[in-house]
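Here is a walk through how the parts of this assembly sit against each other. Have the viewer open and follow along.

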Amino acid sequence: MNKKYLLTHTALALYVVFALLPIVLIFINSFKSQKDIFDAPFKIPSTESFTTIGYQTVFNNSDFLLYFVNSLTITSVSIIFIVLFGGMAAWGVSEYKYRGRILLSLFFIFGMMIPVRLGTIPILELLQSLNLTNTHTALVLVYIAQGLPFSIIILESFIRDIPKEIKDAARCDGVSETDILFHIVFPLLKPALATVTIFVAIPIWNDLWFPLVITPADGKQTLTLGIQQFIGQFITDWPTVLAALSLAAIPPLILYILLSKQLIHGLFAGSSK
Amino acid sequence: MMKNVKKRELILFLGPALFFYCVFFVYPMIATIKLSFYETINNDTQNFVGLANFNTLINDPFFSEVFWNALWNNLIFFLFHMFIQNPIGILIALLLVNLSFKAATFYRTAVMLPTMLSFVIVGFIWQLILSPTWGITSILYDVFSIKENTPALLGEESTALITISLVSVWQFIGIPVLLIYAALISINKDILEAIKLEKVGFFKAFFHVHLPMVWPTIALVSILTYVNNFNAFDLIYTVKGPLAGPNFSTDLLGTLFYRTFFGFQLQSGNINLGAAVATAMFLIILIGVSIYLFFVQRRILR
Amino acid sequence: MKRLGLILLAVVGLGASYWSVQKPSTNESNSAKSELIIESWRSDDLAAWNEKILPVFNAQNPNINVVFRPSPATEYNAALNTKLAGGTAGDLITCRPFDASLKLFNEGNLLALNDIAGLKHYSNFAKTAWQTDDLKTTFCIPLASVIHGFIYNQNIFKSLSLQKPKTVDDFYKALDVVSSKGGITPIALGTADQWEAATMGFHNIGVNYWQGEKGRLGLISGKEKLSDKAYVETFTQLEKWAPFMGNGYKAQTYTQSQALFTSGKAAIYPAGSWDIASFNGKVEFEMSAFAPPLPTGQSECFISDHTDIGLGINAKSGKLEAAKKFIEWLTTAEFAQIYANNLPGFFPLSNHEIKIEDPLANEFLSWRQHCKSSIRNSYHILSRGTPNLENEIWNTSAQVLNKSMSPKEAAQQLQKGLDNWYRPN
C-alpha cells in the first residue's frame, strides 16, 4: 500500500511541476520590468529588480476594477442561464422518447461544429435593431446561445447515467416530471453541473472578439478587452500585460475551488440509493 | 414514456434553450453559411453559384493546396490531443481517485490551472521558454554547461505544428482529467470500497471496473476533443497569427477560415469562400459527431 | 426553495445587465456634445492621442468630444469590417493605405472628402494612397508616412571602431567584425512573425535594387516582373543576413527582436521609423541610424518612405458635420506639429514646415534630402487579387531568411502568384 501511495504522489507531483512551472514563470515575470523579463526570464526577481510597476500600471492606467466587475457580471449571469436552460433541455432530450428526439439532440450539438465568429454580422445587425449594442445584455444573450450546446451534450451524458429506478420510484409516488427534474435529478447532477460551469465560464471570461465588436464602449469593456490597450501594434508593455492576465486568472481559479466542493458532494449523492 | 410527460412540460423544458439557441446562434449561422452557395457582385448583390466555392476549395491550384494542408495539419493536431492528452488525462484521473479528497483537490486544481489562462499568456510564456535565445538553452547552459543551442522548435517547419500541439495539450489536459474524475467518483462507493478491501491490483481494477463504468465518459471526452480540435483557432492565432507560419505549417481549418472570411493585412476577406470553409469544417465535424451519436445510441439500446 | 432562489438570482442578474443599458456612460451625459469615436489599430498611440493631441481639438471645440478607441492590431481588419457591416463602427476610421481603404470607399463606408479645404496642403504623392484609381476622389486625409532603415547601437560600433556603413560591402564588413567579436548578435531580426522579413527586410533594402518608383510602376505596367534580376538580388541579400541573425531567429518574435536590441545584445536593428518610439527611453546606449546600404557600383540611393496612415469619415456616421470639422483640423500645421512630436517616427504628410525634436527621427528624415522616396511596391493595385502579393512577400521573405527557399524560387513564386490574377493594362 505504501509503495502505491509513493508512486502515485511522485507521478502526480512530477506532472504538477510540468503544469505549474510556466505559470510560476508568468507570475514571477509580472514583478519585473520589461528589460528584466528579457534579460533573465527564469530568474526570480532580486530585491533590486523586483518591481510592481506592471501592477501599478494596470490599476493607474486602466479601469481594471470596472473591467473586472463587468466580466464578472457577464460571466455569472451567462453561466446561470446556460446551466439552467441546458439542464432542462438535456433532460427534455434524453429522458423522453418522441419522434425527432435524436435530430433535436444533433441540432443542439451543431453549435459546437461551427466557428463561433461566423455568424457575427447577423448577430450585430440583430442586436443593433434591438438597440442592445454596447450593453452587457447583448453579450449575455450571445454567450447563452453559444454555451448551450456544450452544456447540453455534457449533461445529456450524465443524465443517462442516473439509475432508472430512482426516477421511476418518484413517478410511482406521483411526483411531477418538473419536480423530478429540479428536486431529484439536478441535485444528482451536481458534479456535471459544476463541470459544465467551469468549462463554460473560462472561454466567456477570456473572450476578446464579441466584447470587441458588440460592447467596446468606455465603461462597458470586459477584462480581456480592457487589457488590450497594453498590447500595441508594435509596442507591448509585457509587465503590465502579465500582471493584468495573472490577476485575470484568479476568478476562474476561485470559481474552480468553490465548485470543487460540489464535485465531492456528488460522491455521496451518487452512491446513495 | 410519452404518457408521463405532458406536452406542456416538454415545451417548458426545451423552450428556453431552443429560443436563445435559435435566435442568437442558429439564425445568424444559417444566414452566413448560405453565403457559401453564392458569390458577391458589386458589394451588395449575391449571385447563386451552387457548389462553385466548394470546387475552388478542392480543385483551385492555390486554394486547394492551402485547404488540404490545413485539413492535414488539423488531423495531426487532433491525433496529438487524442492519443497524448486523453490517455494522460485518464491516467491522472485514475491516480486521483485513490487519494484523499484534500490531496486530490490540490492536484486537480494544479492540473486545471493552465486551462484557466488566456491564450495570450500561454502563447507568450511558451514562446519564451522554447526560445533558443532566452529559454531552455540558457538553463541548459547555466546548469549543465551545454553549449549546444536547442533548435527553434516553434520556428522550424518540421517541428512547429507538433510543438504547438503539445503546448495545447499542456493547456487543456485539465478537461479530460475533470470529466473522467467526475465520472469515476460517481461510481458506486460500495464498488470502490470492495476494490480496496479485496486489494485488487491497479491495472486489474482499471480494466475490469473503472474502464467499463467510465467508457461513455471516455467516448464523450473523445468526441469533445474531436469537435474542439477541428474548430481550434485561438492558440495558433495568438502565437503565429492568421498566417499560421512558418510557411503555413501550423495552419488549421480555423485559421484558414478566419483568414479567408475576414481577410488579412492587404488581402480583403471573401465571405463566400470563407463561408464555404466554415461549411466544410461543419461537415467534417458532423461526420465524427454522427459516429459518436450512433455509438451512444447502440449503448442505450444495450 | 433552491430553485426559487436560482430563478431570483437569474432575474436579478438579467435586470442588472439591462439596467446597465439605461445608465448613460459619462461621455454621453451631455446631450449637446457630439462624441466622435476614432477607430484605429494603433493601441500604441492611445496615450498620445487621448492625452496630448485630442485635448487640443476638444478645447477649441466645446461641442465636440473626440475619443481615440483602438482595437487590437491583429483584429483590426476583421473587427472594423464586421462593425461596419453590423452598423456599430465609430465615426472616424483610420485608413490603411491603398486598396484596403479603397474597398471601404467602394462599399460606401467612407465619405468622399473632396470638399475638405485643407487638402491643398498635401502633395499628389501623399494623396494617391487614399484616392480612387482615376485620382478624382479622395476618401481619407493622409496622416503620416514611415521610413525604413537600420537603427544601430553606437556604443558597440564605437568599441569596434566601426563607421556607419554606406555601401553593401561596408555593411557586410561591419557584420563580420561584430560576428567575430562574439557575444553580440549582429542583426536583431526574427522570422517567427513573418512580417518583419517583408517590411524591414524585403521592402527596406529592395528599393535600392528595383530603383524605387521606377520598379514599382514597372511592375504595375507589366514592364518588370518579380522574377527579374532586381528582385532575385534583393532576396539574395536577405539570404546573406541569415548567419548574422543569431541562433534562435527562426522562433524570434518581433517583441523578442526589440528586446534583443534594447538589452544591448545586438548591434544592428532593421527598422521602420515607428521603432523610434519603441526604443526611446528604453535603451542605455547611444542610438543612431543609417539608410539602406548602396549596392556595389550604385550611386543613386532610394528609401522606402511609405504613406502609412490616413483618417477618414464613416459615411454612415450620424455626426458628419462634427467629423468634417475634425478632419479639417487634421490638415493644419498645429496638428502636424503635435502629432510629429508625440509620435516620433510617424512623419506628417502635410506640407507644413514643422520642427521635429527627436534626433533619431531627424536622422531618418534627413535621408529624404539625398535619396529618392518610394512606397512599398505591393500596396498599390498589386494586392487586389489572390494570392495577395504582400502576404506572399511575407511568406517568401521569411522562408528565404530561414534558408528553406532559394532567392530564385522566391522571386518566381511571387511572379507566379501575380500571374494568377493580375493583368497589366
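The C-alpha centres of domain 1 and domain 2 of chain C are 28 Å apart in this predicted model. Domain 1 covers 31-145 + 307-362, and domain 2 covers 146-305 + 364-419; bounds like these come from an automatic or database domain assignment. As for ground rules, the model is predicted, so local features need pLDDT of at least 70 and side-chain atom pairs count only at pLDDT 80 or more, while totals for chains, interfaces and linings use all residues. Residues are numbered from 1 along each chain as its sequence is written, chains are lettered from A and ligands numbered from 1 in the order in which they are written, and side-chain values use heavy atoms, with hydrogens and water left out.

Where the two domains of chain C touch, domain 1 puts in 20 residues and domain 2 puts in 25, with contact meaning heavy atoms within 4.5 Å. The size of an interface is often given as the accessible area lost when the parts come together. Here, buried area is the accessible area (1.4 Å probe) that two parts lose on being put together, summed over both. For domain 1 and domain 2 of chain C that comes to about 1800 Å², and carbon and sulfur atoms give 62% of the area. On the domain 1 side, F98(C), D99(C) and L360(C) supply 33% of what domain 1 buries against domain 2, more than any other three residues.

D99(C) turns up again in a salt bridge: its side chain meets that of R384(C) at 2.8 Å, N to O. The rule for a salt bridge is a side-chain nitrogen of Lys or Arg within 4 Å of a carboxyl oxygen of Asp or Glu, and the two domains of chain C have two of them between them. There are also 13 residue pairs in polar contact across this boundary, both residues at pLDDT 80 or more. A polar contact is a pair of N or O atoms within 3.5 Å; within protein, one must be able to donate a hydrogen and the other to accept it, and residues adjacent in sequence count only if both atoms are side-chain atoms.

Which elements give two or more residues to the domain 1 side? They are α4 (99-106), β4 (141-153), β8 (301-313) and α15 (359-366) of chain C, and α15(C) has the largest share, with three residues. Helices (H or I, at least four residues) and strands (E, at least two) are DSSP runs, numbered from the N terminus.

A search of the whole structure turns up two disulfides over all chains, a disulfide being a pair of cysteine sulfur atoms within 2.5 Å. One of them joins C95(C) and C140(C), with the sulfur atoms 2.0 Å apart. The link is left-handed, at -75° about the S-S bond. It ties together distant parts of the chain: C95(C) is in strand β3 (residues 92-95), while C140(C) is in the loop between α5 (124-127) and β4, 45 residues apart.

Now look at Q298(C), in the loop between β7 (287-290) and β8 of chain C. The Q298(C) side chain reaches the backbone oxygen of N208(C) at 3.0 Å and the backbone oxygen of E300(C) at 2.9 Å. Leaving aside neighbours within four places in sequence, Q298(C) is in contact with N208(C) and Q211(C).

**Between the chains**

Chain A touches both chain B and chain C.

| Interface | Residues in contact | Buried area | Carbon and sulfur share |
|---|---|---|---|
| chain A and chain B | 95 of chain A, 93 of chain B | about 9200 Å² | 81% |
| chain A and chain C | 38 of chain A, 46 of chain C | about 3700 Å² | 64% |

Chain A and chain B have zero salt bridges between them, but 14 residue pairs in polar contact (both at pLDDT 80 or more). Helix α1 (residues 2-29) of chain A gives the most to the side that touches chain B, with 16 residues. By class, that side of chain A divides into 69 nonpolar, 16 polar and ten charged residues. The classes work like this: Ala, Val, Leu, Ile, Met, Phe, Trp, Tyr, Cys and Pro count as nonpolar, Asp, Glu, Lys and Arg as charged, and the others, Gly among them, as polar.

Chain A and chain C share one salt bridge. R117(A) forms a salt bridge with E75(C), the closest N and O atoms being 3.2 Å apart. α6(A) gives the most to the side of chain A that touches chain C, with five residues. That side has 18 nonpolar, twelve polar and eight charged residues.
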